[in-house]
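I opened the notebook to look up strand pairing and one surface patch. My notes follow the structure.

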Amino acid sequence: MTSSPGQAAAWPKQTQLKRPLFPLGKVVATPGAMALFEALNTSPLEYLVRHVIGDWGELDVEDRQANDAALVHGTRIVSSYRLQGEHRIWLITEADRSATTFLLPMTRQECPPHGSCNWMPRIACAMTRRD
């Protein structure tokens with residue numbers, strides 16, 4: 001893939017100046033995430049760049065702090081981004097930095113019992129506590 005000077009100008013200036021904070025490993029996506037990007041005619045590249053430069057998207061303070069600590073301690077890194085409308089996408093980079101995965105946020109039915117979802121953003125774990 002090549003880029004033209006016009007494409008570089010389309011990226012936010014803060015994105016152009018930052019360097020990756022961690023290795024992404026193998027970048028993969030679930031079928032649902034790929035289908036959403038295709039349906040919205042949106043490239044995942046913007047979200048991958050935001051993730052690797054430390055723009056964690058729409059996370060609460062505790063999740064942001066957990067990601068900042070993960071950069072130091074080598075634990076899992078999670079980002080959450082709003083696409084068009086109410087559509088969201090998550091990115092998760094594994095603790096060993098072997099892979100980064102695009103996936104759709106879990107629904108209440110998919111979320112594991114509370115206490116076993118320590119790899120998800122707190123916003124997702126909170127869903128398991130609501131009745």
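These entries go through the strands, then the patch.

Entry one, the model. I am working from a predicted model.

Entry two, S2 with S3. I looked up strand S2, residues 77-82, and found that S2 pairs with S3 in the antiparallel sense. I noted 6 bridges between S2 and S3. I then checked the connection: S2 and S3 form a hairpin, with 5 residues between them. In that turn, Gly85 has a positive phi of about 60°.

I moved on to strand S4, residues 99-103. S4 and S3 are also antiparallel, and I noted 4 bridges for this pair. Here Leu91 stands opposite Phe102 in S4. The S3 and S4 hairpin has 5 residues between its strands, and Arg97 takes a positive phi near 60°.

Is S3 mostly covered or mostly open? I found strand S3, residues 88-93, mostly covered, with 5 of its 6 residues buried. I kept a general point beside this: in a regular strand, side chains alternate between the two faces of the sheet.

Which residues make the nonpolar surface patch? I listed Leu21, Leu71 and Val72, with a patch area of about 270 Å². I placed Leu71 in helix H5, residues 61-73.

Methods. Residues numbered from 1 in each chain as written. Predicted model: local features only at pLDDT ≥ 70, side-chain atom pairs only at ≥ 80, totals over all residues. Heavy atoms only, no water. Patch = residues over 30% accessible without salt bridge, like charges linked within 9 Å, V, L, I, M, F, W, Y side chains within 5 Å. Areas by Shrake-Rupley, 256 points an atom, 1.4 Å probe, with all protein chains shown as cover. Salt bridge = Lys/Arg side-chain N within 4 Å of Asp/Glu carboxyl O. Buried < 20%, exposed > 50% of the residue type's maximum accessible area, 1.4 Å probe, protein only. Pairing = 2+ DSSP bridges.
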